[in-house]
Amino acid sequence: MPQDRTPQLSFNLSRRLISIFLVSVLAVYTAGITVTLRLRRSAMQDWQAAYTAQAADFTDQLNTELLRIRTQMKYTLTRSVTLLTLTPRQASFPALYDSIQRMTEQVYTMQNTSSLIQSTTAYFPSLNKTIHSSGTYNDPTALEQQLIEAYYAAPGHS
């Protein structure tokens, strides 16, 4: 009988060793997965916080740039020189030419104010003509006519 027990003990021992090995490997694997998931959750929260902060910074920069453009354009458009050159009622050709030259410089100034401005248009009410930054000289389009009417309808514009 002792011979019968030896193979069984050996079999049980190897089975126990395999079981202990598998349990320890599963424990290490479970611990690794748990740590990985916690690190992933933490990294995602850090990433989201950084992304939100960066988006807020970009929004602030855009708002600042738009405010600067608005201020620059308001200054350029409300200068008395600009208003006088925009509204010559009775003007000779040299006066109109000088007016167009000054307006061209102001159009380029506005375009160079920011890269966000793609094009500009100057309107000459006595001629009912527009000059675009592309160099075209035409009658105002329907949309431009609506904008001109809205401009003159606003308080403080005549």
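Here's a quick tour of a surface patch and the salt bridges in this structure. Keep in mind that the model is a predicted one. A search of the whole structure turns up 2 salt bridges, and there's also a nonpolar patch sitting on the surface.

**The nonpolar patch**

- Four residues make up this patch: Ile-18, Phe-21, Leu-22 and Val-25.
- Take Phe-21 as an example: you'll find it in helix 1, which covers residues 2-78.
- Phe-21 has a relative accessible area of 51%, so it counts as exposed, since the cut-off for that is over 50%.

- Arg-68 pairs up with Glu-65 in a salt bridge, and their closest N and O atoms are 2.8 Å apart.
- Both Arg-68 and Glu-65 belong to helix 1, with a spacing of 3 residues, or about one turn of the helix.
- Arg-68 is partly exposed, at 38% relative accessibility.
- Glu-65 is partly exposed too, at 25%.

- Lys-129 forms a salt bridge with Asp-139, and here the closest N and O atoms are 2.8 Å apart.
- Lys-129 is in strand 2 (residues 129-132), while Asp-139 is in the loop between strand 3 (137-138) and helix 4 (142-153), so this pair ties together parts that are 10 residues apart in sequence.
- Lys-129 has a relative accessible area of 23%, which makes it partly exposed.
- Asp-139 comes in at 46% relative accessibility, and that counts as partly exposed as well.

Technical notes. Residues are numbered from 1 along each chain as its sequence is written. This is a predicted model: local features need pLDDT of at least 70, side-chain atom pairs count only at pLDDT 80 or more; totals for chains, interfaces and linings use all residues. Side-chain values use heavy atoms; hydrogens and water are left out. Patches are made of residues with over 30% relative accessible area and no salt bridge: like charges are joined within 9 Å, nonpolar side chains (Val, Leu, Ile, Met, Phe, Trp, Tyr) within 5 Å. Accessible areas come from the Shrake-Rupley method with a 1.4 Å probe; for residues, only the protein chains shown count as cover. A salt bridge is a side-chain nitrogen of Lys or Arg within 4 Å of a carboxyl oxygen of Asp or Glu. Helices (H or I, at least four residues) and strands (E, at least two) are DSSP runs, numbered from the N terminus. Buried means under 20% relative accessible area, exposed over 50%, partly exposed in between (1.4 Å probe, protein chains only).
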